[in-house]
Amino acid sequence: MDREDLRAGVRDASPLFLGIVPFALVVGVAAVEAGLTPVQAVAMSVIVFAGAAQLAALELIGETAPLSVAVVTAVIINLRMVMYSASIAPHFRSFRRRIQAPLSYVLTDQAYALSVARFAREGNTDRLAYYLGVAGSIWLVWQVGTVAGVVVGAGVPPELGLSFAVPLVFLALLVPAMKDRPTTAAGIVAAVVAVAAAGVPYNLGLLVAAVVGIVVGLAVEVGEKV
Amino acid sequence: MTGHGYWAVWFAIVVIGVATFALRFSFIYLFGRVDEVPPRVRRALRFVPPAVLAALVAPALVTIDPDIGVVASLADERLAAGLVAAGVAWRTENLFLTIAVGMGALWLLRFGFGMGL
């Protein structure tokens, strides 16, 4: 393993910690507010290790939506991982089978983006070392941040409205995701449907809104090409 | 407090975790047999993040009051704080700044006037 590439991975990931730490803190706080025990909260971060999906599931668990809705919502949010998996797979081809599973487990938006960019740019990178540097350090920072959030969340008065940080995180992720007309249309339509369907039982309004948004996005994209 | 049983929550956590791992491992495992995500699926997946995230954000900022009818009631100070945060997110694309400014705006609107600011 090339230590230089391992270090390069950690170094490239480190500016991202500025975003990952507050995100992890919010997830820790949200888990406590949703009624999870501290052990459950930390275990969720270790087992799931996907921030937006964790937050969405926690919101739904806290509102006592059926757990099946929480699970389906989290899985939909994580569907994008399939794209990353397909895109990074050729780079992992030469690795032994048994390490491909743990490498998959730590695959995140950031680890994917940084690694694929580096592999394309510098062909002689030790891919395993670089990926481990990026993904491993992100994993560690995420877990420590969640634990800190759980500790903080247990002692904060509810009037401060710390749970408002949850939609703020989603907002910060949403804005760059709306980067052209079709994606913007998908977001706006999903928002309108979600507000209109807020009273629908079992929080199914969320899923309906997401599906309508995706369909509208596809329709706008097709319309642009005609 | 969740309204769900202790073990039910554990079960949900494990199911989400296993499903998420399966999504991450899917093509890394299959590679060699399947080359890539079909283009149609890929195109649809592109719209998942904006649609899902918007559907999560909007009801947290705006709620419709059934008594007023169609008019959206401004859900206390959350909508204003959310709009300020959206502006910061748009200009900076910085998660930390978005949370900090959004929470600051919420506290200012909620407590600031009471303190004579």
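Modeller: One term before we start: contact means heavy atoms within 4.5 Å. Also, helices (H or I, at least four residues) are DSSP runs, numbered from the N terminus.

Colleague: And what kind of model is it?
Modeller: This is a predicted model, where local features need pLDDT of at least 70, side-chain atom pairs count only at pLDDT 80 or more, and totals for chains, interfaces and linings use all residues. Residues are numbered from 1 along each chain as its sequence is written, chains are lettered from A and ligands numbered from 1 in the order in which they are written, and side-chain values use heavy atoms, with hydrogens and water left out.

Colleague: What does chain A average for pLDDT?
Modeller: Chain A averages 92, and 100% of the residues score at least 70. pLDDT is the predictor's confidence in each residue, from 0 to 100.

Colleague: Which element of chain A has the lowest mean?
Modeller: That is helix 6 (residues 80-92) of chain A, at 88.

Colleague: Now helix 10 of chain A: how many of its residues are buried?
Modeller: 11 of its 13, including F170(A) and L174(A). Buried means under 20% relative accessible area (1.4 Å probe, protein chains only).

Colleague: What covers those buried residues?
Modeller: The cover includes helix 2 (17-33), helix 4 (51-62) and helix 11 (181-196) of chain A, together with helix 3 (48-61), helix 4 (78-92) and helix 5 (95-112) of chain B.

Colleague: And what comes after helix 2 of chain A?
Modeller: G35(A) follows helix 2 of chain A, with a positive phi near 100°. Helix 2 of chain A itself has 12 of its 17 residues buried, among them F17(A) and F23(A).

Conventions: Buried means under 20% relative accessible area, exposed over 50%, partly exposed in between (1.4 Å probe, protein chains only). Helices (H or I, at least four residues) and strands (E, at least two) are DSSP runs, numbered from the N terminus.
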